[in-house]
Amino acid sequence: MYRFKITKRQETSIWHSCLIFFGALAISLSFGSIILALQGKPPIGGLTYLFKGAFGDLWALEDCLIKGLPIFLCSIGVAIAFRLQVWNIGAEGQFAMGSIGATWLALVFPDQPQYLLLPGMMGASMLAGALWGLIPALLKIRMRTNEIIVTLMMNYLAIYILDYLVYGPWKDPTSFGFPMTAQFSPGAILPMIGNTRLSLGLWLCIFFGIAYWVFFRFTRLGFELKASGENMKAAKYARIPYNTLVILVMVMGGALAGTAGFVESSANLNRLQPSIMAGYGYTAIVVAWIARLNPLFIALASFLLAGLRVGVEHLQLDLQVPAAFGDIMEGLILLTVLASAFFEKYRIGLRKPA
Amino acid sequence: MKKIVMLFAIAAVIGFSTFSWAGKDLKVGFVYVSPIGDAGWSYAHNQGRLAVEGMDGVTTSFAESVSEGPDSERVIMNMARRGYDIIFATSFGYMDPMLKVAGKFPKTVFMHCSGYKQAKNMGNYFGRMYQARYLSGMVAGAMSKTNKIGYVAAFPIPEVIRGINAFTLGAQAVNPKVEVRVVWTKTWYDPATEKEAAKSLLDVGADVIAQHQDSPGPQEAAQERGVYSVGYNSDMSGFAPKAHLTAPIWNWGPYYVDVVKQVRQGTWKSEAAWPGLADGIVNLAPFGPMVPKKLQERVLAKKAEIAQGKAKVFEGPIKDQQGKERIAAGNVATDKELLGMTWFVDGVIGTTQ
Amino acid sequence: MTVGIFITLLAAAVQSGTPILYATLGEILTEKVGVLNLGVEGMMMVGALTGFLVSKFTGNPVLGFIAGGFSGAMLAWIHGLVCMGLQGNQIVSGLALTILGTGLANYIGTPFAGQTAPGFNPLSIPLLKGIPFFGPVLFQHDLLVYISFLIPPLMWLFFRYTRPGLELRSVGEYPEAAFSAGIRALRFRWAGVLMGGFLAGLGGAYLSLAYTHLWSSGLSAGRGWIAVALVIFAFWKPERAFLGAYFFGGVMAFQLRLQAIGTNIPSSLLLMLPYALTVAVLVFASARARGSDVPAALGVNMEPRD
């Protein structure tokens, strides 16, 4: 009997990583096509429709970008915390609070000029998101509570607060009783870039993406953060106490997810309504992880996952495949990519029986 | 020889018929807010889509589970870009996104269900479900012995409130002492929660259960306790044969087929269509065996009157819960008032918050 | 009248708490061996669909219930493969499992929406049902509720008094030390994860076979996430899982009954209560720094050895 022998690889090349990544992708796609075939749909044709729908036209690419923006912002938010090995899974709630903060300002000062209102809304959303991140951080360092659970619970609290507001005090009297706030005034809506349907949120994303890279690459704080996350011993010798770092990453993450809430409510919905909660915060966690916390890869992964969603809509139109197919593909891709990382770190050989 | 002639004849007929609808197939798209597997609202619309699919020279498709907001705008826009000739969007929150897209695609026909905004190429439509609700209320009111009816309601929006009011008026028409208790679940299809809500109503003494959600959960609860129930959306008697009295049901097929025909003939115009019992878009499911013949006849007589326009559901005087007169004697509620109804009629116990 | 409502409220709390109880117990078992599986919602959905389909096509709900459990375990196996076999991050894998499981169930279940299958019906226990108060609250339910009564005491006995139970706990606390002591840690981890998935699957099957007798998309409606939260509420103690599950079920039943009686409190605020309380309980427990049995190695993978 041969047995598997697992040894740690000394070094990994970029090409090897790429090969493994695309191998994982291929495996998940073939699983997806098997599922299509079992339902009597053309497997290869189906995947072609999916890709063409998502990336086959200029406007399709635009659609993917629009949907990718909030995922990207939430994702670099949680990535900061993951660098410190703090498990912030509260981006969903911070996103909700951000949209509430922005909406609050938009509803209270509808007549302010755009150059005051928009920055104000963004500030309010960042503040609200940061606050929602601060609470679990404080509980973690003061009470040593598990941040995974607290952030998860606070997602629900935030969503119910949003629910309460749009069903109650903020309900638009002219909405015929439907749960939504009044439409924002023109001053509260993020302008679009040129003739596209892309809002200025895109520049925000690029700005925050670069800032994230610079922060971890060139600043001492970023370096210490990374070092502390990789090694608790390093944290002890760091200039900045670990507790401060925890607060810092949670506040920054919250502010970024909050910004996503601002962009989504201001540019895309032009109001607040319950359907703003589309699970971006959860998708963001998986995106951050499969992108190895690298901002460029996060951008790419956000774009691709957004593309998957858009592509599935086209697949529905072409082949009448249930919408849940998108969930299946997303789950498969995440699991295979996650599992594939193992083959980067370890070499698997066969060992002869002793 | 005969066979060959036959083949030629068939070929000629086929050839001729394809020629006669030269040009191209009409492409019709539907946008649903929930999966068609929800067994309710989207399911009913999808049944309508299948009726359209059966027409000659028409192809249809749909996108399900499309959330309101940016997602719906993209889906509607993509349908328009891909050359769909008619697009039906079947949720209130699709209204503004659809209006935006309609401005960019003037040649496409847009149809929005349950809203109020219109454009030159965008019409809206809904069904007068409240008429069928009124009839089902009559049945429930007559069958209740405790004079308490439980109503498991979905979200506090006008469509649901209007339904509860019509139901209550119907029940009061046959049983003035009756009261309708309302419990909101804030769900469209969560069978477990909806069943629990029905049980909570049964616990306070209700002996007939009506519902607005898409799941048969409340029907099951009624059957288990040995009381009666009124379904919704489609005939739910299969889920609770001993409890199911009747159900106000949707039948979108004829309407959708009609709209597609109008577009093909070039007679379609943007309008706010609100067909009802008379057009068969809403109806009453067959009565259960426990409904007495006399009651059945009475309800059917009322149905004919409403369909002919002789009787109106919201005809004054109608008071709200606080006893304030909302519709004066001799007046009939306008469509606009009905669309924005956010108050309960007298006799409903519950709030519209 | 009021006492009657109180009794029915508690009975409803027991019934709506039962699916959550199964899933919570499963997650406790999983976390006890040091593995965090956030995929409970996905496992419940798959369990609900499998249970429904098997019961529908075989006509045997018992078979369906068990099959629901096995389908949950199959999904948990994927989690085990990714995390224990291949060193993947447990949080991310669990999230992916939820997405995959929900997707699979909704995809495969679409043609069966709104159909019914044979299931379990209330079955009063002859003598016990007559006990005033406790009878109607506890002993007028379906068979699966009674089964769920038995699991926590059994788990409690297992953890406390049996050798495998103690070994299993040590694996969750100090996997490396357990390994040195000659305990086959990975084997215990696998057992915990698979059993946990099995119980979550049973919880899902409860929804489609006993709570209702039908299938519809999104049947689980977030109950899996509640189970994840309740593990902390219960301090990883099976006997306290009762409390958490019934409390949560009770809040749901309570807010519906508040409305039925004719009061008006915005339901969104009431529905927040369990989540806020979970945070409060967690803070309280952490402040005392004892009393909770949180496994020290929770979420940490074991490096493979040569």
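Trainee: From the N terminus on, how do the elements of chain C run?

Mentor: In this predicted model, the elements of chain C run α-α-α-α-α-α-α-α-α-α-α-α from the N terminus on, and the count that goes with this order is 12 helices and zero strands.

Trainee: What makes chain C as compact as a globular protein of its length?

Mentor: The value to set against the rule is the radius of gyration, which is 19 Å for chain C, and the globule rule gives 19 Å for 306 residues, so chain C is as compact as a globular protein of that length. Along its principal axes, the C-alpha trace of chain C spans about 65 × 50 × 40 Å, and 58% of the 306 residues count as buried. As for the contacts in chain C with a separation of 6 or more, 79% of them are between residues 24 or more positions apart.

Trainee: How do you know which helix of chain C has the lowest mean pLDDT and which the highest?

Mentor: Among the elements of chain C, helix 8 (residues 175-180) has the lowest mean pLDDT, at 72, whereas helix 2 (residues 40-58) has the highest, at 95. For chain C as a whole the mean pLDDT is 84, and 92% of its residues reach 70 or more. The model itself scores ipTM 0.84 and pTM 0.87.

Trainee: How many residues of chain C are in contact with chain A, and what makes them count as being in contact?

Mentor: Two residues are in contact if their C-beta atoms lie within 7 Å, and by that test 38 residues of chain C are in contact with 40 residues of chain A. Helix 3 (61-85), helix 4, helix 10 (223-233) and helix 12 (267-288) of chain C each supply at least two residues of this side, and the largest share, 13 residues, comes from helix 4 of chain C. By class, the side of chain C that touches chain A has 26 nonpolar, 11 polar and one charged residues.

Trainee: Which helices of chain C each supply at least two residues of the side that touches chain B?

Mentor: In that interface 31 residues of chain C are in contact with 32 residues of chain B, and the helices of chain C that each supply at least two residues are helix 1 (2-32), helix 4 (90-109), helix 9 (185-211) and helix 11 (238-261). Helix 11 of chain C gives the most, with seven residues, and by class this side of chain C has 14 nonpolar, 16 polar and one charged residues.

Trainee: How do you know whether the radius of gyration of chain B agrees or disagrees with that of a compact globule?

Mentor: A compact globule with 353 residues would have a radius of gyration near 20 Å, and chain B has 22 Å, which agrees. There are 11 helices and 16 strands in chain B, and the chain is divided into domain 1 (23-125 + 252-279) and domain 2 (129-247 + 285-349). The centres of these two domains of chain B, taken over C-alpha atoms, are separated by 29 Å, while 12 residues of domain 1 are in contact with 15 residues of domain 2.

Trainee: Why is B:Y32 called buried?

Mentor: A residue is buried if 20 or more other C-beta atoms lie within 10 Å of its own, and B:Y32 has 25 other C-beta atoms within 10 Å, so B:Y32 is buried. The place of B:Y32 is in the loop between strand 1 (26-31) and helix 2 (41-53) of chain B. Leaving aside neighbours within four places in sequence, the residues in contact with B:Y32 include B:S42, B:H45 and B:F62. B:S42 is 10 residues from B:Y32 in sequence, and the two are 5.8 Å apart in space, C-alpha to C-alpha.

Trainee: What makes strand 2 and strand 12 of chain B edge strands?

Mentor: They belong to an open sheet of six strands in chain B, which has the order 2-1-3-4-5-12 with parallel pairing, and strand 2 (58-63) and strand 12 (272-273) are its edge strands: each pairs on one side only.

Trainee: How do you know that strand 3 and strand 4 of chain B pair?

Mentor: Two strands pair if there are at least two bridges between them, and strand 3 (residues 86-89) and strand 4 (residues 109-113) of chain B have four bridges, in the parallel sense. One example is B:I87, whose bridge partner in strand 4 of chain B is B:F110.

Conventions: Residues are numbered from 1 along each chain as its sequence is written. Chains are lettered from A and ligands numbered from 1 in the order in which they are written. This is a predicted model: local features need pLDDT of at least 70, side-chain atom pairs count only at pLDDT 80 or more; totals for chains, interfaces and linings use all residues. Ala, Val, Leu, Ile, Met, Phe, Trp, Tyr, Cys and Pro count as nonpolar, Asp, Glu, Lys and Arg as charged, and the others, Gly among them, as polar. The radius of gyration is taken over C-alpha atoms; the globule rule is 2.2 Å times the number of residues to the power 0.38. A residue is buried if 20 or more other C-beta atoms lie within 10 Å of its own, exposed if 12 or fewer, and partly exposed in between; C-beta atoms are placed from the backbone. Domain bounds come from an automatic or database domain assignment. pLDDT is the predictor's confidence in each residue, from 0 to 100.
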